[in-house]
Amino acid sequence: MTLLTTVAAALIAGAALGGALHATGNLRTVAGVYGLEGVVNEWTLVFCHSLVAGGPFVAIVTRLSRGRRVPRPLAESYRSPFLCACLGLSYGALLWATVVAYAAPFAFGFVTGDAYPVPFHHWGSFYALLLFGAVFGAWYPLLRSFFAGQR
């Protein structure tokens, strides 16, 4: 059930992520990082990244729900779309800071030999990852309870 819920929430949040990247004119950069072009590659990579990013978020939410010394709003976030969306916003900001702002410039510098600014301020991806986290967080508890009721 957790895998199905994670995949479904990741696909919904991936559509929001891709839509935000498209709206800010940054969807092409996703495929460009891999040296690819085209709408199919862009959206395929967005959904693949969503699936990869969704797993750790679900692990965090699950861990918080089982913690003994976790504040109640965090422990209950797996049941509440609002609380989980708030946690997702934080997760989106963390993703941006670790992957886009710091890891990407080092990786690009290593591959190309050019110097990239650290932190790298790519604001289109910042807004898109905040949206991804909020959408994933809001949908995860809803889909979790839906799939639990289908058994």
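**Reading the helices and rings of a predicted model**

Q: At which residue does α6 bend, and which proline follows?
A: The bend at a residue is the angle between axes fitted to the seven residues ending there and the seven starting there. In α6 that angle is about 25° at Tyr-140, and the proline that follows within four residues is Pro-141. Helices are DSSP runs (H or I, at least four residues), numbered from the N terminus.

Q: What should I know about the model and its numbering?
A: This is a predicted model, in which local features need pLDDT of at least 70 and side-chain atom pairs count only at pLDDT 80 or more, while totals for chains, interfaces and linings use all residues. Residues are numbered from 1 along each chain as its sequence is written, and side-chain values use heavy atoms, with hydrogens and water left out.

Q: How many residues does α6 have, and how far does the helix reach?
A: You can check a helix against its expected span, which is 1.5 Å times one less than its number of residues. Helix α6 has 27 residues and reaches 39 Å from its first C-alpha to its last, close to the expected 39 Å.

Q: How do I read the packing of two helices, and at what angle do α1 and α6 pack?
A: Two packed helices are described by the angle between their axes and the distance between the axes. The axes are lines fitted to C-alpha atoms over the stretch in contact, and angles run from 0 to 180 degrees between N-to-C directions. Under 35 degrees counts as roughly parallel, over 145 as roughly antiparallel, 65 to 115 as roughly perpendicular and the rest as oblique. For α1 and α6, the angle is about 150° and the axes are 8 Å apart. That makes α1 roughly antiparallel to α6.

Q: What about α3: at what angle does this helix pack with α1, and at what angle with α6?
A: Take α1 (residues 2-23) first: α1 and α3 pack at about 130°, with 8 Å between their axes. That makes α1 oblique to α3. Now α6: between α3 and α6 the angle is about 55°, and the axes lie 11 Å apart. This makes α3 oblique to α6.

Q: How many aromatic pairs does a search of the whole structure find?
A: Rings of Phe, Tyr and Trp (its six-membered ring) pair if their centres lie within 6.5 Å; planes under 30 degrees apart count as stacked, over 60 as edge-to-face and the rest as tilted. Here the search finds 11 aromatic pairs. One of them is formed by Phe-57 and Phe-136, an edge-to-face pair with 5.4 Å from centre to centre and 85° between the planes. This pair links distant parts of the chain, as Phe-57 sits in α3 (residues 39-66) and Phe-136 in α6 (residues 123-149), 79 residues apart.

Q: Are Phe-57 and Phe-136 buried or exposed?
A: A residue is buried under 20% relative accessible area, exposed over 50% and partly exposed in between (1.4 Å probe, protein chains only). Phe-57 and Phe-136 are both buried.

Q: Why is the pair of Trp-96 and Phe-126 edge-to-face?
A: Their ring centres are 5.1 Å apart and their planes stand at 75°, so the pair is edge-to-face. Trp-96 belongs to α5 (residues 81-112) and Phe-126 to α6, so this pair ties together parts that are 30 residues apart in sequence. Trp-96 and Phe-126 are both buried.

Q: Which residues do ring pairs link into a cluster?
A: They are Phe-57, Tyr-91, Phe-132, Phe-136 and Tyr-140.

Q: Can we try some glycines: is Gly-92 buried or exposed?
A: Gly-92, in helix α5, is buried, with a relative accessible area of 0%. Gly-92 and Leu-129 are 37 residues apart in sequence, yet their C-alpha atoms are 4.8 Å apart in space. Gly-137, in α6, is at 0% too and counts as buried. Gly-55, in α3, has 31% relative accessibility and counts as partly exposed. From Gly-55 to Leu-3 there are 52 residues in sequence and 8.7 Å in space, C-alpha to C-alpha.

Q: Which form does the peptide bond from Val-118 to Pro-119 take, cis or trans?
A: Most peptide bonds are trans. The bond from Val-118 to Pro-119 is cis, with omega near -5°. You will find Pro-119 in the loop between α5 and α6.
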